[in-house]
Every structure is written in C-alpha cells, then in structure tokens.
Amino acid sequence: MTTGGPGQESPAPGRAGAAESPREPHERRPDLPGAPGGPGAHPAPGARAQGFRSGFVALIGRPNVGKSTLLNQLIGRKIAIMSDKPQTTRTRILGVLNRPGAQLVFVDTPGIHKPQHLLGEHMVQIARRTLQEVEAVCWLVEAPDREPGPGDRFIAEQLAGLKTPRVLVVNKIDQVAPGEVPAIAARFAELGTFAAVHPVSALHGVGVAELVGTLEGLLPEGPRFFPEDMVTDQPEAQIMAELIREQILHLTREEVPHAVAVQIEKVERRPNGVVYVPATIYVEREGQKRILIGEQGRMLKEIGRLARLEIEALLGSRIYLDLWVKVKPDWRNKQGALSNFGFHQ
Ligand SMILES: Nc1nc2c(ncn2[C@@H]2O[C@H](COP(=O)(O)OP(=O)(O)OP(=O)(O)O)[C@@H](O)[C@H]2O)c(=O)[nH]1
C-alpha cells in the first residue's frame, strides 16, 4: 500500500503541472493534509482528461456512527481503525478512491461531540474546520437510533450555514427491519437539505457503490490530486500505531481506552526479512499501566499478538513487535504531549 510521507499534516503542496486548473483546492484549504511533496505529488499526466472529476468529501457524524468503517469500505483497505468505543478517530485521515472518471478524496473526521478535555476540543475543531474545506459532505447517522437525537441536531446546526452539497447516509441498516428504513431515513432527512439520502450498511458494504455514484456526480471537474496508487496520506508508522491502539480499545474498558496513545519509534527491516517494530504505549496513570500489562503480562501479550497479525497484513511481511508501556500523567490535557502524539491544530 502506498501511504504518505512522515508529514501527516504537511502544508499545501506546490502543484506544478496543474497551474491552469480552474480550481486550486489545496490553495484554498491550507489545513488539509495535502499530497506529500516531491514528484509523486503532482497530478498524473493525462489526469485532466475531459470530464474528469475530483474533490474532497468529508465524512462527519456523531462518534461511533461508523465513519471509519465506511471509509475502509469505500477505499477497500483498512486505513482507519474501528471500534465499538466512541471517539476512536483522533485526527483526520485521508482515503483516496480512484475511479475511471474521478478521484474522490475522503476525509474521515473525529466524531462531533461536546468536548470534555483538550484532546476532545482538538477533535471537534478538526471536524468543524474540515467542513469548510471540502467539495461535499457525507453526514452519517445511525438507523438503529430511529430518530434524530440532540447530537444529530447539534451537527445539523453546524451544517446549517454551509453551502457545500451534503449527502445524508443512514448507516447500520442491517440492524433494523428493512421495512423500517424509509421512515427512519425520512425522519433524519428533515434535519436539513440534502442532495441525496443513502441507506447503507458500512459493515457489510450494502449501498456503498450507490453512495459513491452520487458523490462522484457532486464533484466538480478537476485534476487528480494524488498519484493513482496512493490510498492514504497516513504514514505507515501512524497506521501501525493505530492498529495497536485498536486492539487496546477492543481489549480494555472504562477509562483505559481513551487514556492511551501509541508511538512507534524507528522501524527496522532486519537481514532475515523480519521487520522490527518498537512501540511505546502511553497511559496517564500507574493503575492503567497495570491493567494494560495484565497478570503476568498476559494482557500486553494478547494486545501484541492481535496487533502483530494486523500489522503483518498491512506490511505483507513478518514483524517483531516490541511493546512497552509508559506513564505520562494527564497527557490529554497537555499541549506539548498532544503535539508529540501528532495532534496538531
Ligand atoms: N451492525 C453494524 N455495525 C456497524 C456498521 N458500521 C459500523 N459499525 C460498528 O459501529 C462501531 C463504530 O464504528 P466506527 O467506524 O469506529 O465509528 P466512527 O464513527 O468512526 O467512530 P469515532 O471514531 O468514534 O467517531 C464499530 O463497532 C463498527 O463495527 C454497520 O453498518 N452495521
């Protein structure tokens, strides 16, 4: 898989070769992680064939509605981690979908919710800012809710003044009776004006192709922003760290999951072909460290075993995962620590 370089929040790239483009979207949105610099960042030759469409599509919605699951389904690869714990996604993740006549660049945002700590504020700000920088917005709601709640109305307010076309995606339809879907969709559709309403099951891939068709039609004509073989801007080390965090989210509960940050140091390919991946898991308190390590190290071993399988699938080679747990008190409320862990404003 081709991923971006280390500068995840890299500034807008120079886009030589596209100067005659009627739109220069990157220049309008300096905050969006752009294609990494270097020759690969330029639109591919011939990318501006007549009628070619391109643009950025934001995936927004309350925490846990299935944004990351939908992104992975759209791209056909696992680039965003998923869990049943709300607020899994902490930063913006780009997923690039190349179609014969279009390039759709999806921006997965942290769920919009009422922030409770500094990290929460970062997450909401990222989501809000993204809305102003895209060509289309995909708003996800959950069919099992059956009707909009306060969280959905809060998002409707954020969208109200926005001119960007938006599509309402009613997700998790596999969890309700098929006959109920039209009425549920209609109740959510009352929250705003939508170019289209799509019931989907992101988990099972139902309705996703139709959604892509609609989104493609909403994008303006424009060049390819990223090379055709690039699926995400996430550096590989970042995805690996996220795959470790995903297993922690699965295996722990209560306060531990959200107190965790994972950092990967220098990844090394050994002469025997095994990739050595040293990773540190940061938590906020000694008690959380004890839980993560578990009795006789059993929990950490299990986290490592499951994460290793995911990382091996990502890299396509055998890895040696060296996991460490360290305490960094109250890191979620410290600006310096947030920057170290890659949360940039
Ligand atoms: N049954 C069912 N579950 C789904 C579907 N889509 C997502 N889920 C589940 O919903 C949970 C949350 O999914 P995520 O994709 O992590 O949600 P998110 O919106 O990215 O969450 P945040 O990162 O917290 O904002 C996971 O347990 C998913 O497996 C679906 O179509 N059907």
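Colleague: In which hand does H7 pass H9?

Modeller: H7 passes H9 in a right-handed crossing. Please note that this is a predicted model.

Colleague: At what angle do H7 and H9 pack, and how far apart are their axes?

Modeller: The angle between H7, residues 236–251, and H9, residues 298–315, is about 140°, and their axes are 9 Å apart. The two helices are therefore oblique to each other.

Colleague: Which residues meet there?

Modeller: From H7, the residues are Ile 239, Met 240, Leu 243, Ile 244, Gln 247, Ile 248 and Leu 251. They meet Met 299, Glu 302, Ile 303, Leu 306, Ala 307, Glu 310, Ile 311 and Leu 314 of H9. By type, the residues of this contact comprise 12 nonpolar, one polar and two charged.

Colleague: Let us turn to S4. How many of its residues are buried?

Modeller: Seven of the seven residues in S4, which spans 136–142, are buried.

Colleague: Which of them point one way, and which the other?

Modeller: Ala 136, Cys 138, Leu 140 and Glu 142 point one way from S4, while Val 137, Trp 139 and Val 141 point the other way.

Colleague: Which strands are joined to S4 by bridges?

Modeller: S1, residues 53–61, runs parallel to S4 and is joined to it by five bridges. Ile 60, for instance, has Trp 139 in S4 as its bridge partner. S5, residues 166–171, also runs parallel to S4, with six bridges between them. There, Cys 138 has Val 167 in S5 as its bridge partner.

Colleague: And where does Ala 143 lie?

Modeller: Ala 143 lies in the loop between S4 and helix H4, which covers 150–160.

Colleague: Is Ala 143 buried or exposed?

Modeller: Ala 143 is buried, because 22 other C-beta atoms lie within 10 Å and the cut-off for a buried residue is 20 or more.

Colleague: What is Ala 143 in contact with, leaving aside its neighbours within four places in sequence?

Modeller: Its contacts include Val 170, Asn 171, Lys 172, Ile 173 and Pro 199. Ala 143 and Pro 199 are 56 residues apart in sequence, yet 8.2 Å apart in space from C-alpha to C-alpha.

Colleague: Finally, how many helices and strands has the protein chain?

Modeller: The protein chain has 10 helices and 10 strands. Of its 345 residues, 41% are buried.

Technical notes. Residues are numbered from 1 along each chain as its sequence is written. This is a predicted model: local features need pLDDT of at least 70, side-chain atom pairs count only at pLDDT 80 or more; totals for chains, interfaces and linings use all residues. Axes are lines fitted to C-alpha atoms, for helices over the stretch in contact, and angles run from 0 to 180 degrees between N-to-C directions. Helices (H or I, at least four residues) and strands (E, at least two) are DSSP runs, numbered from the N terminus. Angles under 35 degrees count as roughly parallel, over 145 as roughly antiparallel, 65 to 115 as roughly perpendicular and the rest as oblique. A crossing is left-handed if the near helix is turned anticlockwise from the far one by less than a right angle, and right-handed if clockwise. Two residues are in contact if their C-beta atoms, placed from the backbone, lie within 7 Å. Ala, Val, Leu, Ile, Met, Phe, Trp, Tyr, Cys and Pro count as nonpolar, Asp, Glu, Lys and Arg as charged, and the others, Gly among them, as polar. A residue is buried if 20 or more other C-beta atoms lie within 10 Å of its own, exposed if 12 or fewer, and partly exposed in between; C-beta atoms are placed from the backbone. Two strands pair if DSSP finds at least two bridges between them.
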